[in-house]
Amino acid sequence: MMYRFLFGLCAIIVFGMSVTAQDYHSYANPSAVRVKHVDLDWRVLFDQKILKGSAVLTVERISQADPLILDTRDLKIEKVEISVDGATFVAGTFTLGASDKILGAPLTIPLPARATRVRIFYSTSPAASGLQWLEPAQTAGKQSPFLFTQSEAIHARSWIPLQDTPSVRITYTAHVRTPRNLLAVMSAENLSGPARDGDFRFRMQQPIPSYLIALAVGDLRFRKLGPRTGVYAEPHTIDLAARELSDTEKMVEATERLYGPYRWGRYDILVLPPSFPYGGMENPRLTFATPTILAGDKSLVSLVAHELAHSWSGNLVTNATWRDFWLNEGFTVYIERRILEAVYGRPREEMEAALGLRDLNEEIASLADRDEILHIDLKGRDPDDGSTDIPYEKGALFLRHLEETFGRARFDRFLKSYFNHFAFQSITTDQFVTYLKQNLLNENASLAAKIPVDEWINQPGIPATAPKPTSAAFGKVEEQARRWLDGMIPAAQIFTAKWTTQEWLHFLRFVSEPAVASSTTAGADRMRELDNAFHLTRSGNSEIAFQWLLMSIRNRYEPAYPRLEEFLLTIGRRKFIKPLYEELAKTPEGRERALAIYRRARPSYHPIAVTTIDDVLKWPSGQ
Ligand SMILES: [Zn+2]
């Protein structure tokens, strides 16, 4: 497919110097006409799997000569109206351009002089990439349908016509009509109270990028967790969710102590049905989360720390384009670990950082050089392709390098001032580097010389001087693992009683490493011994189950296959299902098994997960 080179040029003034951030994943022209506010009005039609209604866009005219250009994907535009005085609307014209596979289609609306508001009547497509419509059978309660959105990276355009680039920040209101007895929630302040009368109103008064607009509708219950924190989930899941997430208020307080006030009012978490393709999504005021973090022992709440951290890194200071995604995710992983350390202690942080480094090294072994660069070039590609461990773990390691070199107290002051300086702005990597030089590096040339900033940001791989996080607890796990691998003790005598999820994950990865295990673990016998001792095939912990199932495929451990099938049929989180399908696809029999499972699972996966797995299995399009 041909790719159009773009278009959205936004001029940003930095320190008196004009630089240009080109967002080649948007058709929009915000340097000429900029959307400032959107009023949304929808009916949620579960029977047709569409949203139907209107969006009123308030625009700022920088150039009077230019039309308004918006991003859309699979939207049915019914009519466009234009207002000059802000109140009276008259018929307008529009053209919808040809649709690109990645970008969707530009919607061009000519604007008469002084026109500042545009009303677009439209409906979404049942196949909208940013919406997932679940049948009652696909929910935990199995009684009511469920809808949720996922706008990042460029899926907002599949349910709202707007300037779908993170360089444009907007405020919004929404009026949402649903079937009675369901609850609608958004990434915004709820103005309607708890009544389930099918009529909901929302308001977001802080300017946010389009990828943070979010909506969910379902049979939801709410539990208070703290003065400004709470959780929404299906009735079936709400008790477990409230217990598991009970440290949320403590996490908000810990983050405020480090980086300044939480600026979004409430912080609630919505636990979604298991088809949610991500671990979490940092929608402001309302994190969306996978139910696979509910392990029963709070061992997987690092995800909450991560999404909460985005309230500073990402939502407050935002990547201006998807090339700068590491500014969102690298900072967030770094802060996530600082929150975990503050709430659960340093050993927990060390374990998470060591696991992160291992993931990063494994991923680097399989990535092309161009994909190992923090300031990645994604021209002509789907920005979701940039979502590897590089922006997350390499980005976090870079910040750790700065922290360890300049000292924690100094680096904490720097980060806090960075968040204040760029609050409610979208910035590029160049802007960050300039700020870093002026506010940290330039004050101590000998320390600055130890940090190869350009290599970190613009070169593949990891600099030789990078920190190497280690965990003392993992050292003890390895000692026991070696004794078992060397035949000195049976699996049943490995002392695991006090192991955390992180120690289990480290153990399983360690015994799978070719350099450590040679051929010893490459056998179903070893797998059977572990399974008999620890019942890993039946583990209810999603991370441990995932790691075990991956090993089961590699070692052809057939007793785990029914669980593998059940796992792939019920969970849609991409982090888990993509590696499992990839591992299966490495052998002809495995590929057959993968196709048979995928044929059944595909209709219940989210459109984003479907795109990924179609690609892994080379699924014929149109099937
Ligand atoms: Zn994130």
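## Helix α12

The expected span of a helix is 1.5 Å times one less than its number of residues. Helices (H or I, at least four residues) and strands (E, at least two) are DSSP runs, numbered from the N terminus. Helix α12 covers residues 501-512. At 1.5 Å a residue, its 12 residues should span 16 Å, and the end C-alpha atoms lie 17 Å apart, which agrees.

α12 is mostly covered, with 11 of its 12 residues buried. Buried means under 20% relative accessible area, exposed over 50%, and partly exposed in between (1.4 Å probe, protein chains only). The buried residues of α12 are T501, Q502, E503, W504, L505, H506, F507, L508, R509, F510 and V511.

## Model and confidence

This is a predicted model, in which local features need pLDDT of at least 70, side-chain atom pairs count only at pLDDT 80 or more, and totals for chains, interfaces and linings use all residues. Residues are numbered from 1 along each chain as its sequence is written, and side-chain values use heavy atoms, with hydrogens and water left out.

pLDDT is the predictor's confidence in each residue, from 0 to 100. The protein chain has a mean pLDDT of 94, and 95% of its residues reach 70 or more. Over residues 1-20 the pLDDT is below 50. Beyond near neighbours in sequence, this stretch has 59 contacts in the model. Contact means heavy atoms within 4.5 Å. Where pLDDT is low, the predicted coordinates should not be read in detail.

Q547 sits in helix α15 (residues 542-554). Its relative accessible area is 6%, so Q547 is buried. Leaving aside neighbours within four places in sequence, Q547 is in contact with L505, L508 and R509. L505, L508 and R509 are among the buried residues of α12.

H306 belongs to helix α3 (residues 302-309). With a relative accessible area of 10%, H306 is buried. Not counting residues up to four places away in sequence, H306 touches E329, T332, V333, E336 and Y392.

## Helix α19 and what follows

α19 (607-616) is mostly covered: seven of its 10 residues are buried. These are I608, A609, V610, T612, I613, D614 and V616. The buried residues pack against α17 (574-584) and α18 (588-601).

K618 lies in the segment after α19. K618 is not a glycine, yet its phi is positive, at about 50°. K618 counts as exposed because its relative accessibility is 65%.

## Backbone features in loops

The peptide bond from E152 to A153 is cis, with omega near 0°. A153 is placed in the loop between β12 (146-149) and β13 (169-177).

K142 is in the loop between β11 (131-134) and β12. K142 is a residue other than glycine with a positive phi, near 60°.

## Cavities

On a 1 Å grid over the protein atoms alone, a cavity is a set of points where a 1.4 Å probe fits but cannot get out, and a pocket is an open set with protein on both sides within 12 Å along at least five of seven lines; lining residues have an atom within 4 Å of a point. Grid points are joined across faces, edges and corners, and a volume is the space filled by probe spheres set on the points.

The structure holds three cavities of 30 Å³ or more. The largest cavity contains about 170 Å³ of space. It is lined by 18 residues, of which R337, E349, A353, A396 and R400 are the closest to its centre. α4 (325-344), α5 (346-366) and α6 (389-406) each supply at least two lining residues. By class, this lining has eight nonpolar, one polar and nine charged residues. Ala, Val, Leu, Ile, Met, Phe, Trp, Tyr, Cys and Pro count as nonpolar, Asp, Glu, Lys and Arg as charged, and the others, Gly among them, as polar.

The second largest cavity has a volume of about 50 Å³. W322, F325, W326, I373, L374, I376, L378, G386 and P391 line the second largest cavity. That lining has eight nonpolar residues, one polar and no charged.

## The second largest pocket

The second largest pocket has a volume of about 720 Å³. Its lining comprises 31 residues, and the closest to the pocket centre are P274, P291, T292, T570 and I571. Helix α16 (residues 561-570) gives the largest share of this lining, five residues. By class, the pocket lining divides into 14 nonpolar, 13 polar and four charged residues.
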